[in-house]
Amino acid sequence: MSPVIDQLFCIARRVKDSVLFIVMNIFNGFIILAGMAVLSSTPALAEFHGYRCTKDCSGHKAGYAWAERKAVQDARDCTARSRSFREGCLAWVEDGKEEQPDPKKDYPDRRTLALSVDRD
């Protein structure tokens, strides 16, 4: 083969490699964009006090309201057949524990507690 033909083959290989590189990058870009479109169209799952809901959290809300009406304080009292209702009840119990002050934190010393009690 002549040197000119060798150079033409070399140029053709470079062009082919460059075209393949460009096509692959475009293809990868489309895949990334398609993946982003799918992820953005996926609905986010709702949450109720840290528990996942399947739809509108109505079962969780009902369990929470029931536990509030019954003044449930122990998680063992949250015995329902419905998982969402039970989790709503548990959310109430967990919220109640967070709201109650810890006497050890408020009164680190018994003498402080004794001084804070009105003895009239």
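Colleague: Why is Cys 57 called buried?
Modeller: Cys 57 has 8% relative accessibility. Buried means under 20% relative accessible area, exposed over 50%, and partly exposed in between, with a 1.4 Å probe and protein chains only. So Cys 57 counts as buried. Keep in mind this is a predicted model: local features need pLDDT of at least 70, side-chain atom pairs count only at pLDDT 80 or more, and totals for chains, interfaces and linings use all residues. Residues are numbered from 1 along each chain as its sequence is written, and side-chain values use heavy atoms, with hydrogens and water left out.

Colleague: What makes Cys 53 and Cys 57 a disulfide?
Modeller: Their S to S distance is 2.0 Å, and a disulfide is a pair of cysteine sulfur atoms within 2.5 Å. Cys 53 is buried too, because its relative accessibility is 3%.

Colleague: Why is the disulfide of Cys 53 and Cys 57 called right-handed?
Modeller: The torsion about its S-S bond is about 110°, so the disulfide is right-handed.

Colleague: How many disulfides does a search of the whole structure find?
Modeller: Two. Cys 78 is joined to Cys 89, again with S to S 2.0 Å. That pair links distant parts of the chain, 11 residues apart: Cys 78 sits in the loop between α2 (58–70) and α3 (83–99), and Cys 89 in helix α3. Helices here are DSSP runs (H or I, at least four residues), numbered from the N terminus.

Colleague: What is the handedness of the disulfide of Cys 78 and Cys 89?
Modeller: Left-handed, because the torsion about the S-S bond is about -70°.

Technical notes:
Helices (H or I, at least four residues) and strands (E, at least two) are DSSP runs, numbered from the N terminus.
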